[in-house]
Structure formats: structure tokens, C-alpha cells
Amino acid sequence: MSTRILIVEDEEALTLLLRYNLEAEGFEVDAVARGDEADLRLREQVPDLVLLDWMMPGLSGIELCRRIRARRETERLPVIMLTARGEEGDRVRGLATGADDYIVKPFSVPELLARVRALLRRAKPAHVADLLVAGDIELDRVSHRVRRDGRELHLGPTEFKLLEFLMQSPGRVFSREQLLDGVWGHDVYIDERTVDVHIGRLRKAINRGRDNDPIRTVRGSGYSFDEMFAPDA
């Protein structure tokens, strides 16, 4: 499942450069040019990492970073601050506000990409790991294979993405709308009931006989991968 990065930057040329290079690395990228718009976007959907410019119209990067850290949903969200302010005092202020890293413009794109990957490895190891394991289920992102108790499971491409998305955040309940966005993407318009159909196919593919079902239905809310999932004794 693609890792999502939100770029909050009002320089259009820099945004295009960052988007091109991040997408080339396999990241899913969203971008806004105002701090207040970014604040609204973060309330609607939390990305995996934010690249945040210090000087923004509408709401400064410093104030947005404070708000990110003040909300329970985003208090651990990785933030890299981008700024033309290179003085030590400014770097200290940015980090003290809650930024995880601080990079001064102009910067090397390969260096920025390296910092993004390093921060994601620390903050969200499941998003960069090649192998996801839960109970007796193993999902290999490189070979696109899934095994349960050593036997290979045959999943369609959508069911693979759905299982991968759920396994990245065990215990978290996702609404059907969130699953549609996370698995199918923002720009695809599909009825929410499609999620139920694919959850049914996924369950049929991974559960056999009396196998414990790791997919939990939360009435009125959606689905989650059970964080207490364990194979049968």
C-alpha cells in the first residue's frame, strides 16, 4: 500500500519538483498551498508524513505544527519542516514546536528523500517493511504473496491491497469510505458496498475450516485487522 505524504508548500515549482520525485519513489502525494487548507485536510484524513513549509499564507507552518501536535489523531504524525531560515535559533524553534526534522532551502532532493525514508522507518516501520506478519499470516510486499501457516493463499490484486492496508494498522477501525480511499484511491468513484464484497472475498481466501478470522466487523463503523489475532492452538 502506498505511503501517503502531504506537501504543504506555496512555491508551485518546488511542489512540482517534490511531487515528481516522491511519486517516482512510489509514494502517494497530496499537496496544498495554504496553511489553513492543510489544517482542514489533516482533519479529514491523516497522511503518513507531512512536508511543511515554515512561511505559509493563511496559517504559518509553525502554528500548523503546533496544532498537529495538539490533536490526538496527529500527535505522532511525522513532520519535516522546509524553510529558508537556516539560523540555529530558527532550527531550534522549529524542532521545539514539534517538527521531527528540519531541512533548509535550497536542499538536495536525494537528501530529502533519504530523510523521508529514515523518518518513516522510525515512525511507521510497517509502511516500509517488505514483510508484514500477524499471527500465522505473512504478507510479502516484494513477491506479492500471502501465506498462512506455511500454505500459500491465492488472493486477487484488490484483496491483496485490502489485506495489506488493514495489516499496516492492526486494531484500527477503518470506515468503508477510508478503505475506498486507501485501497482504490481518491479519484475512483465506487459504491461503498463494494468494500463489503471484497471483504467477503478476502475472508473466504484467508480462512479455511476453523481458522480464526482476523478481519473484525465493527457494526456501524467498518472493519479492522484484529490486533489480538493469533492462530488456533
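Visitor: Are Phe165 and Phe174 buried or exposed in this predicted model?
Guide: Phe165 is buried, and Phe174 is buried as well. The term applies to a relative accessible area under 20%.

Visitor: How many aromatic pairs does the rule give?
Guide: The count comes to 2 aromatic pairs.

Visitor: What makes the pair of Trp54 and Tyr102 edge-to-face?
Guide: The ring centres of Trp54 and Tyr102 are 6.3 Å apart and the planes stand at 85°. Centres within 6.5 Å make a pair, and planes over 60 degrees apart count as edge-to-face. The pair of Trp54 and Tyr102 is therefore edge-to-face.

Visitor: Where in the chain do these two residues lie?
Guide: Trp54 is in the loop between strand S3 (49–53) and helix H3 (61–70), while Tyr102 is in strand S5 (residues 101–104). They are 48 residues apart, and the pair thus links distant parts of the chain. Both Trp54 and Tyr102 are buried.

Visitor: Why is the pair of Phe165 and Phe174 called tilted?
Guide: The centres of the rings of Phe165 and Phe174 are 4.7 Å apart, with the planes at 55°. Planes under 30 degrees apart would count as stacked and planes over 60 as edge-to-face, and the rest are tilted.

Visitor: Why is Arg117 called partly exposed?
Guide: Arg117 has a relative accessible area of 31%. Buried means under 20% and exposed means over 50%, with partly exposed in between. Because 31% lies between these cut-offs, Arg117 is partly exposed.

Visitor: Where is Arg117, and which residues does Arg117 touch?
Guide: Arg117 is in helix H5 (residues 109–123). Leaving aside residues up to four places away in sequence, Arg117 touches Glu25 and Phe27. Arg117 and Glu25 are 92 residues apart in sequence, and their C-alpha atoms are 10.0 Å apart.

Visitor: Which strands form the parallel sheet, and in what order?
Guide: In this open sheet, 5 strands are arranged in the order S2-S1-S3-S4-S5.

Visitor: What makes S2 and S5 the edges?
Guide: Strand S2 (28–32) and S5 each have a single partner strand, so one side of each has no neighbour in the sheet. Neighbouring strands of this sheet are turned by 20° against each other on average, direction ignored.

Visitor: How do you know that S1 and S2 pair?
Guide: Strand S1 (residues 4–8) and S2 are joined in the parallel sense over 5 bridges. Pairing needs at least two bridges, so the two strands qualify. Leu6 has Asp30 in S2 as its bridge partner.

Visitor: Which helices lie across this sheet's strands?
Guide: Helix H1 (residues 12–24) lies across S1, S2, S3 and strand S4 (79–83), at about 165° to S2. Helix H2 (residues 35–44) lies across S1, S2 and S3, at about 135° to S2.

Visitor: How do you know that S7 and S8 pair?
Guide: Strand S7 (residues 137–140) and strand S8 (residues 145–148) run antiparallel and are joined by 4 bridges. The requirement is at least two, so S7 and S8 pair. Glu138 stands opposite Arg147 in S8. Helix H7 (residues 157–168) packs on the sheet and touches S6, S7 and S8.

Definitions and conventions:
Residues numbered from 1 in each chain as written. Predicted model: local features only at pLDDT ≥ 70, side-chain atom pairs only at ≥ 80, totals over all residues. Heavy atoms only, no water. Buried < 20%, exposed > 50% of the residue type's maximum accessible area, 1.4 Å probe, protein only. Contact = heavy atoms within 4.5 Å. Axes fitted to C-alpha atoms, helices over the stretch in contact; angles between N-to-C directions. Phe/Tyr/Trp six-rings, centres within 6.5 Å; stacked < 30°, edge-to-face > 60°.
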